[in-house]
Amino acid sequence: MHFDELMKMLGEFGRYQKIRFFMVCMFSVVSAWHALNMVFIGAAPAFHCKTSEFNLSGTPLENVTAEDRLKMFLPEGSSCYQYDLEVVLSGYRSGYKGNLSEHSMANSSKRVVSCQDGYEFSKADYAETITSEFSLVCGEKFWIRTSKSVFFAGRLSGAVIFGQLSDRFGRRPMFFLGCLLLLIAGTVASFAPNMYVFLPMYFCQGAAHTGAFLVAYTLSTELVGPRYRVFAGFVSQSFYSIGFMTLAGMAYLIREWRYLEMAITFPVILFSLYWWFLPESIRWLLSHGKDIEAEKVITRAAKENGVEIDKNIFKSLKEDSAVASTRNYYFIDCVNTWKMAKLSFNIWFNWLVNSLVYYGLSLNTENLAGSPYVNFCIAGAVEIPAYAICILLLNRVGRRWPLIISMYMGGIACILSECIPSNSDTATVKIIFAMVGKFGITASYAIIYLMAAELFPTVVRSIGMGVASMSARIGGILAPIFLDLQVISKPLPLIVFGSLSVVAGSLAFLLPEPAGKPLPQTPDDVDGGKSCINVGICRKKRSLKLDTELQDKPAL
């Protein structure tokens with residue numbers, strides 16, 4: 001008996017599955033808090049050289065207002081430089097009786113120096129961020145970009161390490177290990193005295209939240225039957241979007257970065273209660289010969305769902321042979337023929353671009369006009385209808401055309417948002433185009449995952465999806481680097497994001513349409529006349545819609 005036949009007998013989405021699925025989805029909310037918290041804890045408030053600590057005692061300037069100090073000592077339009085204090089004072093002492101600010105500029109135009117007493121940061125939007133507390137501006141600005149890239153490097157490591165360990169030691173223990181590591185790293189980071197302590201902890205946060213999320217996602221897809229697996233995947237992502245929206249509200253209420261870091265970390269303690277309610281994956285138990293434990297979980301699930309299971313059914317579960325392989329397959333099998341290489345690199349490039357643009361747009365909300373909190377909340381809210389449309393349309397119109405249209409929509413919207421002149425009258429229009437871009441790339445990110453799972457042959461599906469997941473992490477690492485292109489030209493990052501999205505969407509024309517067709521079993525099915533993707537003929541009908549293909553969902 002195939003495992004999915006057991007799930008149908010148990011009830012594909014019964015009371016037992018609904019309760020555990022909701023429990024796992026709640027972690028998606030916390031995971032989302034950590035995924036993009038740098039938007040708020042690493043925000044760069046407006047700043048200028050500190051003038052309040054200039055020692056003007058005993059000079060004619062000791063009673064000037066704070067506003068006059070800014071005019072006298074700071075070059076217009078420059079945040080990282082000031083006029084030399086001694087030159088300004090000597091110019092005044094020389095007996096000049098005219099406009100003081102003009103006189104100071106005239107005498108000090110060639111004596112511009114870097115800020116001598118630190119910086120003063122605006123408190124309008126943020127009380128304290130790591131940028132303001134550690135003065136990560138001007139010559140130290142690279143720390144913010146480095147922090148974001150280090151975090152995404154942690155996510156790459158977490159996806160690889162936790163994926164391997166969960167296959168070896170089980171989903172359940174690795175989920176709790178990820179929660180424990182996330183709690184420790186987040187707590188230490190909130191007390192970090194400098195960036196040398198913060199960065200390693202931030203790397204660990206990236207690894208822990210991604211690893212735990214991937215394990216939780218795997219558990220959620222293995223809990224439900226095949227008919228509900230796509231639905232479960234998109235609903236889990238919707239909870240991730242809810243996490244984005246609630247993060248904006250938390251950041252609005254808690255504007256000091258240390259307290260915000262604690263607020264998103266300490267709720268992880270609540271997941272320790274899952275120890276008594278969250279079971280190990282039945283599929284994992286059976287595949288590792290833990291039949292007694294598997295029987296206990298199945299019996300409990302059947303009892304909660306109100307069904308009876310024949311005791312003899314456990315013996316037949318070991319006879320599953322969905323794909324009989326006569327040899328081992330490796331990475332080279334994904335690229336060793338022209339058609340397989342064309343398919344694989346196309347999918348991997350699409351994953352990289354989707355991740356790059358998705359996180360680039362998410363991190364860029366602080367640069368949009370208006371409230372950064374409202375913009376971030378809207379950016380999370382537009383994801384939910386994107387997932388809903390995917391659920392409604394993908395089984396009706398296929399995968400390829402929705403992927404192409406959503407990537408074109410996202411790319412063109414990004415480009416248009418930067419083609420509009422920036423002023424108070426067009427600020428709302430620019431935000432709308434940016435959010436349309438986020439809507440499009442959210443939908444395409446979900447679709448390319450599903451397509452990849454259906455297009456890679458069964459015997460190399462785990463390998464192909466693993467490389468795709470790594471490509472997505474690399475895209476996340478590159479996102480903050482691309483955003484720094486705004487120092488060359490402010491519109492450049494979104495224009496690059498939009499252009500790459502259009503290019504990836506165009507390449508999607510070369511991908512086959514997998515909807516309604518049996519899954520390819522081996523690379524031969526993609527390359528030759530046996531291909532169920534290319535000519536619609538397959539050696540065997542697909543017996544399950546999505547089985548192993550949904551086991552490695554990336555954390556958005």
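This note goes through a predicted model point by point.

1. Basis. Local features are taken where pLDDT is at least 70 and side-chain atom pairs where pLDDT is 80 or more, while totals for chains, interfaces and linings use all residues of the predicted model. Numbering starts from 1 along each chain as its sequence is written, and side-chain values use heavy atoms, with hydrogens and water left out.

2. Overall make-up. The protein has 23 helices and four strands; helices (H or I, at least four residues) and strands (E, at least two) are DSSP runs numbered from the N terminus. Of its 556 residues, 54% count as buried. Buried means under 20% relative accessible area, exposed over 50%, and partly exposed in between, with a 1.4 Å probe and protein chains only. Among contacts (heavy atoms within 4.5 Å) with a separation of 6 or more, 80% join residues 24 or more positions apart.

3. Main core. The largest nonpolar core holds 134 residues, and Phe40, Phe175 and Phe198 touch the most other members. Such a core is a set of buried Ala, Val, Leu, Ile, Met, Phe, Trp, Tyr and Cys residues joined through side-chain atoms within 4.5 Å. Both domain 1 (1-36 + 134-308 + 316-324) and domain 2 (325-515) contribute residues, so this core lies between them. The domain bounds come from an automatic or database domain assignment. In soluble globular proteins, nonpolar side chains tend to be buried together.

4. Phe40 and the second core. Leaving out residues up to four places away in sequence, Phe40 touches Tyr126, Thr129, Leu247, Ala248, Ala251, Leu260, Pro372, Tyr373 and Phe376. A second, separate core has six residues, among them Leu368, Ala379, Val382 and Ala434.

5. Helices α11 and α18. The axes of α11 (residues 229-253) and α18 (residues 383-397) come within 9 Å and cross at roughly 170°. Axes are lines fitted to C-alpha atoms, for helices over the stretch in contact, and angles run from 0 to 180 degrees between N-to-C directions. The two helices are therefore roughly antiparallel, a label for angles over 145 degrees. From α11, Phe231, Phe234, Gln237, Ser238, Ser241, Ile242, Phe244 and Met245 meet Glu383, Ile384, Tyr387, Cys390, Ile391 and Leu394 of α18. The residues of this contact divide into ten nonpolar, three polar and one charged. Here Ala, Val, Leu, Ile, Met, Phe, Trp, Tyr, Cys and Pro count as nonpolar, Asp, Glu, Lys and Arg as charged, and the others, Gly among them, as polar.

6. Gly243. Helix α11 also contains Gly243, which is buried at a relative accessible area of 0%. Its contacts, leaving aside neighbours within four places in sequence, are Val29, Ala32 and Trp33. Gly243 and Val30 are 213 residues apart in sequence and 6.4 Å apart in space, C-alpha to C-alpha.

7. Thr265. Thr265 belongs to helix α12 (residues 257-265) and is buried, with a relative accessible area of 0%. Not counting residues up to four places away in sequence, Thr265 touches His34, Leu182, Leu183, Gly186 and Thr187.

8. Backbone points to check. Most residues other than glycine have a negative phi. Ser135, not a glycine, has a positive phi of about 55°; Cys138, also not a glycine, has a positive phi of about 55°. Ser135 lies in the loop between α7 (130-133) and α8 (142-169), and Cys138 lies in the loop between α7 and α8. Ser135 is partly exposed at 24% relative accessibility, and Cys138 is partly exposed at 25%.

Conventions. Parallel < 35°, antiparallel > 145°, perpendicular 65-115°, else oblique.
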